[in-house]
Every structure is written in structure tokens, then in C-alpha cells.
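Hi everyone, thanks for coming. Please take a look at the model on the screen, and then we'll walk through it together.

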Amino acid sequence: ITFNNSPFNDFVELPTQYQSLIYSNLLCGVIEGALKMLQLIVKVEYIQDVLKGDPINEIKITLTDVLEELYEDDE
């Protein structure tokens, strides 16, 4: 996923001592949690971040597993 506009880019400015911090990584957790609710296990990581000087924001999503839903009748 690539995108240019993010509230993190508009309202956050990282001080020099925190340049290694991936502040926008919160979005990765939101995406991972939402997909887990749909029984999809994914690995989500930031590839490019505008706050670190990259031209765009890029998030990589890798599907690692699909969970089967268990119903009460299946037990």
C-alpha cells in the first residue's frame, strides 16, 4: 500500500534523537488487528516513511496464514 497523505505526516515532527522511531507504525498494528478479526494472519511492516525523508509512505502486507472458523457445532 502506498499513500502520500497521513495525519501523522501533518501533525508530527520527529526530533533528531528519535529519528530511528517508526512513529507511523501504529497504522501497521491497526491493519494487522483488523485483518486478524477477519481470520487472516498477516505480517505488516513499513517500507518507506515520509517522516524519515522518503518521498511516499509504503506499507507491505504479507499474508502468512488463514484461520479456519470454528463453530459450536464443529466441536
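Let's begin with a question: is V42 buried or exposed? V42 is buried, because its relative accessible area is 10%. Here buried means under 20% relative accessible area, exposed means over 50%, and partly exposed is in between, using a 1.4 Å probe and protein chains only.

Before we go further, some housekeeping. This is a predicted model, where local features need pLDDT of at least 70 and side-chain atom pairs count only at pLDDT 80 or more, while totals for chains, interfaces and linings use all residues. Residues are numbered from 1 along each chain as its sequence is written, and side-chain values use heavy atoms, with hydrogens and water left out.

How confident is the predictor? Its confidence in each residue is called pLDDT and goes from 0 to 100. The chain has a mean pLDDT of 83, and 92% of its residues reach 70 or more.

Now the overall layout. The chain has two helices and three strands, arranged along the sequence as β-α-α-β-β. The radius of gyration is 16 Å, well over the 11 Å that the globule rule gives for 75 residues, so the chain is more spread out than a compact globule. That radius is taken over C-alpha atoms, and the rule is 2.2 Å times the number of residues to the power 0.38. Along its principal axes, the C-alpha trace spans about 55 × 20 × 20 Å. Of the 75 residues, 19% count as buried.

A word on those elements: helices (H or I, at least four residues) and strands (E, at least two) are DSSP runs, numbered from the N terminus. Two strands pair if DSSP finds at least two bridges between them. Strands β2 and β3 run antiparallel and are joined by eight bridges, with I41 standing opposite D65 in β3. Strand β1 (residues 2–3) also pairs with β3 in the antiparallel sense, over two bridges, and there F3 stands opposite N57.

Back to V42, which sits in strand β2. Together with C28, V44, Y46 and I59, V42 makes up the largest nonpolar core. Strand β2 (residues 40–48) gives the most to this core, three residues. A nonpolar core is a set of buried Ala, Val, Leu, Ile, Met, Phe, Trp, Tyr and Cys residues joined through side-chain atoms within 4.5 Å. In soluble globular proteins, nonpolar side chains tend to be buried together.

What does V44 contact, leaving aside its neighbours within four places in sequence? The partners of V44 are C28, I31, E32, I59, K60 and I61, where contact means heavy atoms within 4.5 Å.

Finally, let's visit N57, in strand β3 (residues 57–66). N57 and V42 are 15 residues apart in sequence and 19 Å apart in space, C-alpha to C-alpha. N57 is buried too, with a relative accessible area of 0%. Its side chain reaches the backbone nitrogen of V50 at 3.0 Å. Not counting residues up to four places away in sequence, N57 touches several residues, including I1, F3, Y46 and D49. D49 itself lies in the loop between β2 and β3, and counts as buried because its relative accessibility is 3%.

Methods
A polar contact is a pair of N or O atoms within 3.5 Å; within protein, one must be able to donate a hydrogen and the other to accept it, and residues adjacent in sequence count only if both atoms are side-chain atoms. pLDDT is the predictor's confidence in each residue, from 0 to 100.
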